Amino acid sequence: MARCATGKRTQEEEGPRGGVPQGVPDAEPPPEGRQPPALASNVGALTLLSRHPNLLIAPVILFCLIVALCSFGIVHATNASYNLEGQQAQDAAVSAADGIAMQLSSASRAALSLAAVVKMNPNWSFLESNFQVLAEELFRQSNHEGNLVLKELAFIPFGRVRINYGVPVTRNSTADMFSPQLVNQLGPYRSIKERGLTVNGPIPLTNTEDRAFAARYPVFFPDTDEDESWGHPDNITHPTGCPGPPCYNPKTREKWWGFIGALVNAEPLLAGDNVHLKRLLSDDLSYSLTTSFLAGTNGPGTLVSGGSNPGKVTANVTVNLPGTSWALSVHNPRQDQILKLRDGLLAMVVVAAFILSALLLLLLLSAKRASVLLQEQLVTNKLLQEEKVSREALLGRQFDLIACFEQTTKRSRNLSKSKLSDGQLNTLDRIATARAAISDMTP
């Protein structure tokens with residue numbers, strides 16, 4: 001309670017011209033305090049992210065975890081499928097190569113059988129008289145179902161076809177393998193150098209447009225004179241243009257008798273009409289059959305290919321043939337599909353991980369904005385509470401001032417209103433009005 005003077009009112013208490021005393025304003029303004037901070041409701045996401053960059057940690061970790069774990073699973077699964085398809089292609093290639101080699105082995109067996117007869121008795125009269133019977137028996141034994149068809153057997157002394165037997169017809173051929181027109185195409189020197197059974201081809205046949213694989217076995221005799229003819233009816237003693245090595249070795253006196261020849265029809269295989277090649281196509285596999293020595297080119301070449309992508313290779317196996325090297329390459333297109341599927345799944349995982357990380361980032365930004373708003377609201381409430389306390393203190397002081405004014409005018413209330421001046425009456429009215437206003441503001 002403020003102390004009040006009991007003596008005569010002074011100019012300060014009464015105010016100028018008998019008005020309201022100083023300290024009782026007409027309209028008291030609210031006290032000035034700290035302004036509440038601006039709310040963060042309108043703060044952008046980028047601004048909020050720049051203020052709190054640690055919000056990026058969780059989304060980045062989530063993105064890396066999803067991509068790493070899913071990629072590991074996808075790559076592991078697709079690699080297993082890829083390797084399985086590769087192994088299937090490898091198994092199919094091995095099966096086809098073994099089948100083709102076994103089909104051509106019929107010609108090899110026939111040539112080796114005739115070679116054994118020649119080594120037993122190289123005399124031409126003996127061989128000529130028994131050839132027909134031997135050839136018919138060998139054809140009967142070799143032409144089983146599923147084999148490449150044995151087309152012809154022949155005795156080729158000194159590189160010249162002297163007698164032959166063929167099915168369905170016998171060609172009247174007297175071809176000289178060492179002639180300038182055929183020597184490069186048929187490669188007799190290569191067969192002699194191998195000193196064993198060789199399979200060449202495909203080679204074109206004389207008097208026909210067909211092609212065949214030629215199985216040749218060179219026969220050598222030791223301790224033989226250079227002019228030995230073994231009773232050849234044409235009385236020749238050496239091949240055309242080959243009187244010395246490799247047809248005859250004067251140091252060892254080893255002489256080359258000639259070839260035992262067997263022809264296998266190559267047209268079905270070259271056209272892809274083969275049970276093993278068809279099986280590859282039925283399994284949706286592409287293939288390419290190549291040889292290291294293609295007759296006529298003296299180099300590697302492709303025998304036959306098939307499928308949608310014969311140029312691609314999944315598995316490569318060797319066709320085991322005597323004196324030559326065939327390679328069968330197989331491509332499995334399902335491996336390409338697996339790789340495309342893997343790439344698509346990896347891309348989908350990256351997109352999904354990005355979307356989930358972005359959603360997590362938005363959730364964290366929303367939570368952070370809500371947290372900032374809550375903190376700012378608490379600060380605002382605290383400021384409002386301080387302002388309330390300040391206003392209550394102001395109202396208390398005004399009540400004290402009014403009480404002082406009432407004490408100084410207590411003696412005046414007992415006087416007749418007619419004795420009061422207009423200024424005094426006006427002051428009393430204003431005090432009553434201020435008191436009523438303050439009472440209305442009090443909760």
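**Entry 1: helix α4**

I started with helix α4, residues 124–142: at 1.5 Å a residue its 19 residues should span 27 Å, and its end C-alpha atoms are 25 Å apart, so the two agree. For the expected span I took 1.5 Å times one less than the number of residues. Helices here are DSSP runs of H or I with at least four residues, strands are runs of E with at least two, and both are numbered from the N terminus.

A note on the source: this is a predicted model, where local features need pLDDT of at least 70, side-chain atom pairs count only at pLDDT 80 or more, and totals for chains, interfaces and linings use all residues. Residues are numbered from 1 along each chain as its sequence is written, and side-chain values use heavy atoms, with hydrogens and water left out.

Next I looked for a bend, and α4 has one of about 50° at F131. The bend is the angle between axes fitted to the seven residues ending at a residue and the seven starting there.

Which residues of α4 are buried? I found W124, L127, F131, A135, L138, F139 and S142. Buried means under 20% relative accessible area, exposed means over 50%, and partly exposed is in between (1.4 Å probe, protein chains only).

**Entry 2: the whole protein**

I zoomed out and got 11 helices and 10 strands. Of the 443 residues, 40% count as buried. The protein exposes about 25,000 Å², and carbon and sulfur atoms supply 57% of that. These areas come from the Shrake-Rupley method with a 1.4 Å probe, and for residues only the protein chains shown count as cover.

I also checked contacts, meaning heavy atoms within 4.5 Å. Among contacts with a separation of 6 or more, 69% are between residues 24 or more positions apart.

**Entry 3: the cores**

Which residues touch the most other members of the largest nonpolar core? Out of its 56 residues, they are L153, F155, W257, I260, W326 and L328. Helix α3, residues 57–120, gives the most to this core, with 14 residues. A nonpolar core is a set of buried Ala, Val, Leu, Ile, Met, Phe, Trp, Tyr and Cys residues joined through side-chain atoms within 4.5 Å.

I picked W326 and listed its contacts, leaving out residues up to four places away in sequence. The list includes I100, L104, F213, L269, L289 and L303. Another core lies apart from the largest one; it has 19 residues, among them A175, L182, A214 and C242.

I looked at Y165 too, which sits in strand β2 (residues 163–166). Y165 counts as buried because its relative accessibility is 15%. From Y165 to F155 I get 10 residues in sequence and 9.3 Å in space, C-alpha to C-alpha.

**Entry 4: salt bridges**

Side chains of opposite charge can pair when their charged atoms come close. How many salt bridges does the structure hold? I got 11, taking a salt bridge as a side-chain nitrogen of Lys or Arg within 4 Å of a carboxyl oxygen of Asp or Glu.

One of them joins D234 and R162, with the closest N and O atoms 3.5 Å apart. This pair links distant parts of the chain, 72 residues apart: D234 is in the loop between β4 and β5, and R162 is in the loop between β1 (150–157) and β2. D234 is partly exposed at 44%, and R162 is partly exposed at 33%.

I then checked E254 with R195, where the closest N and O atoms are 2.8 Å apart. E254 lies in strand β6 (residues 254–265) and R195 in the loop between α6 (188–194) and β3 (198–204), so the pair ties together parts 59 residues apart in sequence. E254 is partly exposed at 22%, and so is R195 at 46%.

My last pair was R342 with D343, at 3.7 Å between the closest N and O atoms. R342 has a relative accessible area of 23%, and D343 has 43%.

Most residues other than glycine have a negative phi, and most peptide bonds are trans. I went looking for exceptions in the loop between β4 and β5.

D223 is in that loop and has a positive phi of about 50° although it is not a glycine. D223 is exposed, because its relative accessible area is 59%. N235 is in the loop between β4 and β5 as well, with a positive phi of about 55°, and it is not a glycine. N235 is exposed at 60%.

Where is P246? I found P246 in the loop between β4 (211–221) and β5 (248–249). A cis peptide bond joins P245 and P246, with omega about 5°.
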